[in-house]
Every structure is written in C-alpha cells, then in structure tokens.
Amino acid sequence: MLYFDSDYMAGAHPEVLKALVDTNLEHTVGYGNDQYSECARELLRYAMGVEDAQVMFLVGGTQTNATAIDGLLRRHEGVLAADSGHIAVHESGAIEASGHKVLTLPQHDGKVAAEDVASYIHKFYADQTYQHMVAPGMLYISQPTEYGTIYSLKELESLSKVCHDNHIPLYIDGARLGYALAAEGADFTLRDIARLADVFYIGGTKLGTLFGEALVVTNSELLTHLFPLVKQHGALLAKGRLLGLQFEAMFRDGLYERIGRHAVAMALRVREAFRSAGYEVVIESPTNQQFFRLPNEVIDRLRERVSFDYWGPRGQKYSVVRFVTSWATTEECVAELESILR
C-alpha cells in the first residue's frame, strides 16, 4: 500500500530517532529542565529572533491548543476562529470542555479576514447586552489552514494589528508550520510569525518527531505561569528530555526546513499527477495537503492500492478526498502513484 492519509503515520525521522537512541541510557533531570531541552530552547529563540521567548514542550497538538487557549482566556471569554478552524471542527470539543466557547467567523479559503474580526468585536461591544454574552478574548488561526492554504505576510500583519488594536492576543496553531514556511509563494518567515503572534506553537508531530510541539510565548505579559498551567492540564511530561532532544535534532542543522521542503515538493507532484489525469483539484493548496474531487468508482479502485482520507461525507457520485505528504513520502512512492493514475 501507498500511504497518503496524514503526515504523522510513520515514526520519527531517522536523524531524530538516532538522537533518541544515542542518548537512551543517559540520566537527566525531568520536566524539561535537562540540558537537551535548554539547548533546544536556545536554538528556537535564535531561529525566531526572540531572546527572551518562553518555550515549553508539550506532547500533542490538541493538548497544546487546549492548554494555551485556556490559559489565555478569562472565564467569561471565548476564542474567535474560522468556522473551518481545527479547534472548531477536529478537536472533539476540547476547547469547550475547558469552559470556553469557540466563536466562529466565516472562512475564506480556510482563512479568517481581519475585517471580519474587527466587525465581530465592534458589533459585540455595540450590543448593550454584551455583558450577558461570551466575550471575544483572543483570535485563533492556523498556519497553514485546515485547507492547506497559507496567510500572506500582509494578512498576518493585518490580523495582528486588529488583535492588538482591540487588546486581544493572536494565537497561531503551527502544527504544520514547517510546510507553510516551505510553500511556494510564502513571503513570511519564522521570525515574522514570532513578531506578529503573541503565542504560537511549532509543530513536531506532523514534521518528523515521534511526538511533541514547542509552545512559544513572545508576549511577556501572557502565560506568566506556564509551567503550572501545563501541569494542571496533564501535559507535563516527566521524561521531558525526550521532547527537547527531538527539537534540538530538528533545529540544529536545518532538518525542520528540509522536511518541509521535501514534503511540499512531493505534494505538488501528487497534485500535478491528479490534474494530468483529468481530475479536479478542489483547493489550490501550496502545502503538503492536497484535495481532489473524484468519482466514487475511482476512489474505490484507488483504495485497493492507496490509503487516503475522505474530506467530508461520501457523495452519491463524487467525493472529496485528501492526500497528505511528509518526510516519509519517497520519490518512489509518488512515482508509483503517478503510474497508478496513468
């Protein structure tokens, strides 16, 4: 079988796994207070250009989102997000389970528009009964979006300005940030993300680590008690060096960037293969997620040799499917898919 279901199906990138194996018998202190985690923090701070950024390593994306959002919001506040946003559609109500409402905005190719954020906040406080309602306490976006699309630097700057003009933090879910940075046409850098977001995370699980996300706080006024907050959410890993060590391996010699470039290159080949075979590309995604509308009989034949996901319910005649690439997607794998489609 060829596997295009997601970007976390394989284990760890060999360079990450080697770092884990080489240090397996070492004894270090726990909870991320070890030398490998501190080295990883310094590498990330250098890459971001923020010397005093807080960096905390957590295990998974939903856990990171739920922890950060709960810490950023007060009890009466909710989080603004696209109605297609990950926290709104694919996290099983994790945000609501922490006592906060997801306040949805219309999506435009998966993205939130700055004018929609400004309009929502203005209308909220223009309502004389606003104290009876859930207040917009922050903005959540992901880069790339749930649809694989990316925000331009101008769009990110506009969103950051709207948030700061209205005194709410901007939080960026970076589960697949490496693929956004490697995308064709991307005009922003990791330093731009760190400059414009108050809090964000750099994903590892979907970019070559066994598990792990790096939560970054660049606004020193926020999440000032991050360690106990993480502990309260059951997100503090005792063997914390396993997280730090993986991010050290990812950022010491540019592995994070190499993985992003490779997966995006493979994804664009997949897109061209489907397009050349006469099938519809549903979303023009420049990242590692690609979406196609296929006849159901084609889907059924493909699934005999290729593993991938439906994107939404199966239609009567046609359905939308998603193909995802990663570090583990080889040239040979894509070539075989091209041959099957031909």
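Modeller: What follows covers the sheet, some single residues and the salt bridges of this predicted model.

Colleague: What is the strand order in the open sheet of 7 strands?

Modeller: The order is 2-8-7-6-5-3-4, and the pairing is mixed. Strand 2 (54-58) and strand 4 (102-105) are the edge strands, each of them pairing on one side only. From one strand to the next, the twist averages 25°.

Colleague: In which sense do strand 3 and strand 5 pair?

Modeller: Strand 3 (residues 77-82) and strand 5 (residues 135-142) are parallel, with 4 bridges. The bridge partner of Glu-77 in strand 5 is Ala-135.

Colleague: And which strands does helix 2 lie across?

Modeller: Helix 2 (residues 35-48) lies across strand 2, strand 7 (199-203) and strand 8 (213-217). Its direction is at about 125° to strand 2.

Colleague: Next, how are strand 9 and strand 10 joined?

Modeller: They form a hairpin, with 5 residues joining strand 9 to strand 10. Strand 9 (residues 280-283) and strand 10 (residues 289-295) run antiparallel and are joined by 3 bridges. Val-281 has Phe-292 as its bridge partner in strand 10.

Colleague: Which residues form the nonpolar patch on the surface?

Modeller: The patch consists of Met-1, Tyr-3, Tyr-8 and Met-9, which together have about 460 Å² of accessible area. Met-1 counts as exposed because its relative accessibility is 52%.

Colleague: How many salt bridges does the structure hold?

Modeller: The structure holds 20 salt bridges. One of them joins the side chains of Asp-300 and Arg-314, at 3.1 Å from N to O. Asp-300 lies in helix 13 (residues 296-302) and Arg-314 in the loop between strand 12 (309-310) and strand 13 (318-324), so this pair ties together parts that are 14 residues apart in sequence.

Colleague: What about Arg-322 and Asp-309?

Modeller: Their side chains also meet in a salt bridge, at 3.8 Å from N to O. Arg-322 is in strand 13 and Asp-309 in strand 12, 13 residues apart. Arg-322 is buried because its relative accessible area is 7%, whereas Asp-309, at 29%, is partly exposed.

Colleague: Which residues are linked in a network of salt bridges?

Modeller: That network links Glu-38, Arg-41, Glu-42 and Arg-45.

Definitions and conventions:
Residues numbered from 1 in each chain as written. Predicted model: local features only at pLDDT ≥ 70, side-chain atom pairs only at ≥ 80, totals over all residues. Heavy atoms only, no water. Pairing = 2+ DSSP bridges. Helix = DSSP H or I, 4+ residues; strand = E, 2+ residues; numbered from the N terminus. Axes fitted to C-alpha atoms, helices over the stretch in contact; angles between N-to-C directions. Contact = heavy atoms within 4.5 Å. Patch = residues over 30% accessible without salt bridge, like charges linked within 9 Å, V, L, I, M, F, W, Y side chains within 5 Å. Areas by Shrake-Rupley, 256 points an atom, 1.4 Å probe, with all protein chains shown as cover. Salt bridge = Lys/Arg side-chain N within 4 Å of Asp/Glu carboxyl O. Buried < 20%, exposed > 50% of the residue type's maximum accessible area, 1.4 Å probe, protein only.
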